[in-house]
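Morning, everyone. Please look at the screen while I walk you through this one.

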Amino acid sequence: MEYVILAVVIAVVAVGAIAGFVVTGRRRKQLPPKTETPAVGAPTAPARPTAPEKAAEEGAAPPTAEAAPTEAAPTEAAPAEAAEAPAAEAPAAGDAAVVEEPLVEEAEAAPAIEVPEPTAGRLVRLRSRLSRSQTTLGKGLLTLLSRDRLDEDTWEEIEDTLLTADLGVAATQELVDNLRTRVKVLGTRTPDELRALLRDELLGLIGPDSDRTVHSVKHEEGPAVVLVVGVNGVGKTTTTGKLARVLVADGRRVVLGAADTFRAAAADQLQTWGERVGAHTVRGPEGGDPASIAFDAVKEGIAEGVDTVLIDTAGRLHTKTGLMDELGKVKRVVEKHGPVDEVLLVLDATTGQNGLVQARVFAEVVDITGIVLTKLDGTAKGGIVVSVQRELGVPVKLVGLGEGADDLAPFEPAAFVDALIGD
Ligand SMILES: Nc1nc2c(ncn2[C@@H]2O[C@H](COP(=O)(O)OP(=O)(O)OP(=O)(O)O)[C@@H](O)[C@H]2O)c(=O)[nH]1
């Protein structure tokens with residue numbers, strides 16, 4: 001009998017001990033989340049970059065997670081709240097153990113914010129990228145002008161060179177007439193004299209005194225608003241991203257608006273550019289209303305007190321009329337917050353006359369205030385700077401000289417001409 005009682009006591013003690021183990025094990029499993037939870041709101045892990053980055057890490061981000069920052073808030077919702085959306089996605093207490101590992105990964109992979117180099121002198125630094133234009137326009141012309149006899153055939157060759165470089169008919173005629181007159185007056189033609197003469201004439205055609213500032217300084221009422229327009233493939237989204245870097249490099253705080261909802265990857269592309277310099281991107285669902293995204297972006301810019309809101313727009317719709325209607329609407333809706341400070345038309349320098357046709361169409365719908373000429377690095381058609389300015393009556397403000405993040409340069413006429421004619 002005692003044996004039976006002893007056996008029962010041992011069994012009870014054993015069961016008790018096993019139960020104790022299990023409970024301790026469970027508690028231990030729940031402990032890490034408690035210590036990890038503060039990391040969600042820790043100042044070193046800003047809420048905004050975390051969600052997109054997590055999405056990027058996971059490959060194709062699920063639409064709901066991607067859209068959360070802006071989509072969660074309807075058009076009129078306070079942007080500040082929308083911006084906080086990722087924080088609201090913090091794990092519910094019961095799921096704490098499940099999200100423990102991703103939280104650690106996020107903290108480790110927080111993107112380093114890049115500080116782009118200042119923009120002053122960029123065109124000088126990138127001058128070698130203009131080598132193709134330099135060969136035809138600059139060196140080509142100097143060689144022709146240095147010939148012993150400047151006969152009619154030579155002048156015709158000079159004319160052809162200028163037209164091939166896309167200077168345009170009127171500007172070519174003007175330049176050739178001026179060169180003829182000045183060369184006659186000059187008499188002897190030393191290489192230095194010819195270089196100085198050509199420099200002077202090209203600079204005069206480009207217009208050294210135009211205001212080429214990108215108006216990006218905030219007003220009392222809110223941020224400066226810059227709309228970026230152009231057809232697809234010219235480098236619009238890339239340029240918007242690079243421009244964000246230009247502005248950040250020059251000390252501005254920027255919000256981006258991904259109003260190109262037509263091309264699926266455009267918003268992702270823009271967001272990635274923004275994250276690299278710490279600029280938040282306001283975006284919406286694919287195929288959503290671009291005007292509403294642009295409106296929200298400006299609204300967020302006002303709430304956040306940033307200097308500039310940059311809005312990327314779509315470059316392709318099924319019809320030209322559709323695209324232009326949409327663009328007009330984006331501008332009108334944004335203007336409910338205040339005036340648009342800049343409408344930058346992005347043109348691909350390699351497309352030549354085609355670019356001018358595009359420019360005309362856009363100018364009919366929105367008042368273009370500046371031109372961005374991209375892909376000048378891959379073309380001998382540097383003369384397009386002159387023809388597009390003449391066509392639209394607005395200055396080239398920025399030039400794209402490569403695919404690198406800091407290959408967008410403020411346009412400086414003197415540095416450009418110097419790069420063309422060489423030393
Ligand atoms: N070489 C060179 N390539 C450039 C330059 N600017 C842009 N690109 C390239 O042009 C290509 C198209 O650029 P995107 O920014 O996607 O063009 P997009 O106009 O936004 O096109 P959509 O979004 O379809 O309207 C990319 O491969 C860019 O890297 C430049 O200045 N030089």
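When I say helix, I mean a DSSP run of H or I, at least four residues long, numbered from the N terminus. With that in hand, find Leu-205: this residue sits in helix H12, which spans residues 191-206. Keep in mind that this is a predicted model.

Is Leu-205 buried or exposed? Count the neighbours. There are 23 other C-beta atoms within 10 Å of Leu-205. The cut-off for buried is 20 or more. So Leu-205 is buried.

Which residues does Leu-205 touch, leaving aside those up to four places away in sequence? They are Ala-171, Leu-175 and Val-386. Now look at Gly-383. Leu-205 and Gly-383 are 178 residues apart along the chain, yet their C-alpha atoms are separated by 10.0 Å.

Zoom out to the whole protein. We have 19 helices and 8 strands. Of the 423 residues, 40% are buried. Take the contacts with a separation of 6 or more: 77% of them join residues 24 or more positions apart.

Last stop: residues 395-408. An unreviewed UniProt entry annotates them as "domain: SRP54-type proteins GTP-binding". In the model, this span is 0% helix and 43% strand. Its end C-alpha atoms lie 16 Å apart.

Definitions and conventions
Residues are numbered from 1 along each chain as its sequence is written. This is a predicted model: local features need pLDDT of at least 70, side-chain atom pairs count only at pLDDT 80 or more; totals for chains, interfaces and linings use all residues. Helices (H or I, at least four residues) and strands (E, at least two) are DSSP runs, numbered from the N terminus. A residue is buried if 20 or more other C-beta atoms lie within 10 Å of its own, exposed if 12 or fewer, and partly exposed in between; C-beta atoms are placed from the backbone. Two residues are in contact if their C-beta atoms, placed from the backbone, lie within 7 Å. UniProt positions are given in the numbering used here, feature names are shortened, and annotations may be inferred rather than shown by experiment.
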